Structure formats: C-alpha cells, structure tokens
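Work through the exercises below with the sequence and the model side by side, and try each task before reading its solution.

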Amino acid sequence: MSVQRLHVTSRYCEVAISGNLVHLAGQLADDTSADVTGQTQQTLDNIDRLLAEAGTDKTHILSVMIFLKDIEKDYAAMNAVWDAWISEGHPPARTCVESKLYAPDVLVEMTVVAVLP
C-alpha cells in the first residue's frame, strides 16, 4: 500500500495518508505567545486546514490525542474551544494528558487520525 506525504521535511511530514487513513503530525498554534484559548483555536484551525488538504474534514476524525502543558490550569479553557469546534454528532475518540512539551511557551498540541470520506 502506498503512502502519500504532505508538507515533508527531512525529519517528518505534517500529513501521512495510506489507504483511507489520514494521520496528522502533532499540531500547534502558529503564535505560541497566545493563551491556551488562542493556542487551542489556532491548533484546531491548522487541523481543519490540513484535513481539507488531505481531502477530509473534522467529521471524519477517528481519534485525537491532546497534550496540555498544565492540565489542571488549562483543561476547562481548552475544552470550551474544543466544544465550540467539534461537529455535533461526530465526536472522535479522545485522550487528553498533561505533558512537558518541546518549548516552554507551547501550551497545547494535538495529533489526529481521520479517514477519507
């Protein structure tokens, strides 16, 4: 089975598509000086953009892994943005954990697995 890769660097690609599965690399906000609300919205906007490039959308997401720098402090704010974004009737399987992220100003990161329609 072949693999199509989008936005390829020497280290990783942003999107890998094989068969009807679409895998997104960990997505972050473009402006990591924003608070968790802003970072979450930017991250979800990036997910929407990459899923569209792959030929799918958020209603076809199977699972999401969410990594928060401070789950106790940021969980409610992240969920408020998430709840407004997710399509009613199409919630994916989801995991949310606290994690030390790669840079101190990164508050949220998400990985996604979706299917093509």
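**Exercise 1.** In which sense, left-handed or right-handed, does α1 cross α2?

*Solution.* The model is a predicted one, in which local features need pLDDT of at least 70, side-chain atom pairs count only at pLDDT 80 or more, and totals for chains, interfaces and linings use all residues. Residues are numbered from 1 along each chain as its sequence is written, and side-chain values use heavy atoms, with hydrogens and water left out. Begin by locating helix α1 at residues 36–54 and helix α2 at residues 71–85, where helices are DSSP runs (H or I, at least four residues) and strands are E runs of at least two, numbered from the N terminus. The crossing is right-handed, that is, the near helix is turned clockwise from the far one by less than a right angle.

**Exercise 2.** Which residues of α1 meet α2?

*Solution.* With contact meaning heavy atoms within 4.5 Å, α1 contributes V36, T37, T40, Q41, L44, I47 and D48, and these meet D74, A77, M78, V81, W82 and W85 of α2.

**Exercise 3.** How many bridges join β4 and β5?

*Solution.* Strand β4 (residues 61–68) pairs with strand β5 (residues 93–98) in the parallel sense over six bridges, pairing requiring at least two DSSP bridges. One of the bridges links S63 to A93 in β5.

Technical notes:
Axes are lines fitted to C-alpha atoms, for helices over the stretch in contact, and angles run from 0 to 180 degrees between N-to-C directions.
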